[in-house]
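Please read the following report alongside the sequence and the model.

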Amino acid sequence: MKAIRPSTTWDLLVRFWNDGQLRHHYNTDDMEHHVPELVEFATTVMTMLSGDIIACGTNHEGLGALQDGETVEIEIQHIGRMSLKVSDPLKRGWERGVYMGADSTNPEAVTRHRPQG
């Protein structure tokens, strides 16, 4: 991993793929809690070491649940890309996409949840 210099904007591109399909694409400047604030909070409850990751959550629209056997990748501009294989010993299956209401941007979820009539 390559170290980045502290910045006042923390304007970094973040992308997430599930089995090669781009599912999330956003900028850290759009986050509700900015990176320095997240690091400050995390270090109040634990010692952070080189390589530690802070999972800070997201708007889950379009992401859906991860399934056994899938490969997920996350890339943060200027930092690097990480790939993980999803493992669920129970081999459960989950509905794809998350429906976020009438303004949902996930077409599969909208079709699935569109009111009939």
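The report begins with the model and its fold and then turns to individual residues.

This is a predicted model, in which local features need pLDDT of at least 70 and side-chain atom pairs count only at pLDDT 80 or more, whereas totals for chains, interfaces and linings use all residues. Residues are numbered from 1 along each chain as its sequence is written, and side-chain values use heavy atoms, with hydrogens and water left out.

**Fold and confidence**

The protein has two helices and four strands, where helices (H or I, at least four residues) and strands (E, at least two) are DSSP runs numbered from the N terminus. Along the sequence these elements follow the pattern β-β-α-β-β-α. The mean pLDDT (the predictor's confidence in each residue, from 0 to 100) is 79 for the protein, and 68% of its residues reach 70 or more. Of the 117 residues in the protein, 23% are buried; buried means under 20% relative accessible area, exposed over 50%, and partly exposed in between (1.4 Å probe, protein chains only).

**Salt bridges**

The structure holds four salt bridges, each defined as a side-chain nitrogen of Lys or Arg within 4 Å of a carboxyl oxygen of Asp or Glu.

| Pair | Distance, N to O |
|---|---|
| Glu 75 and Arg 15 | 2.3 Å |
| Arg 92 and Asp 88 | 3.0 Å |
| Asp 68 and Lys 91 | 3.3 Å |

Glu 75 forms a salt bridge with Arg 15, and this pair links distant parts of the chain, with Glu 75 in strand S3 and Arg 15 in strand S1, 60 residues apart. Arg 15 itself is partly exposed, at a relative accessible area of 27%.

The side chains of Asp 68 and Lys 91 also meet in a salt bridge. Because Asp 68 lies in the loop between helix H1 (35-45) and S3, and Lys 91 in the loop between S4 and H2, the pair ties together parts that are 23 residues apart in sequence. Asp 68 is partly exposed at 27% relative accessibility, whereas Lys 91 counts as exposed at 56%.

**Two other arginines**

Arg 23 belongs to strand S2 (residues 21-27). Arg 23 is buried yet has no salt bridge, and the nearest side chain of opposite charge, that of Glu 70, is 5.2 Å away; Lys and Arg count here as positive and Asp and Glu as negative, while His and the chain ends are not counted. The side chain of Arg 23 does make a polar contact of 2.8 Å with that of Gln 21, a polar contact being a pair of N or O atoms within 3.5 Å in which, within protein, one must be able to donate a hydrogen and the other to accept it, and residues adjacent in sequence count only if both atoms are side-chain atoms.

The charged end of Arg 81 sits over the ring of Trp 17, 3.8 Å from its centre, where the rule asks for NZ of Lys or CZ of Arg within 6 Å of the ring centre and within 35 degrees of the ring normal.

**Positive phi in two loops**

Most residues other than glycine have a negative phi. Asp 19, in the loop between strand S1 (13-18) and S2, has a positive phi of about 50°. His 78, in the loop between strand S3 (71-76) and S4, has a positive phi near 70°. Asp 19 is partly exposed at 48% relative accessibility, and His 78 is partly exposed at 48%.
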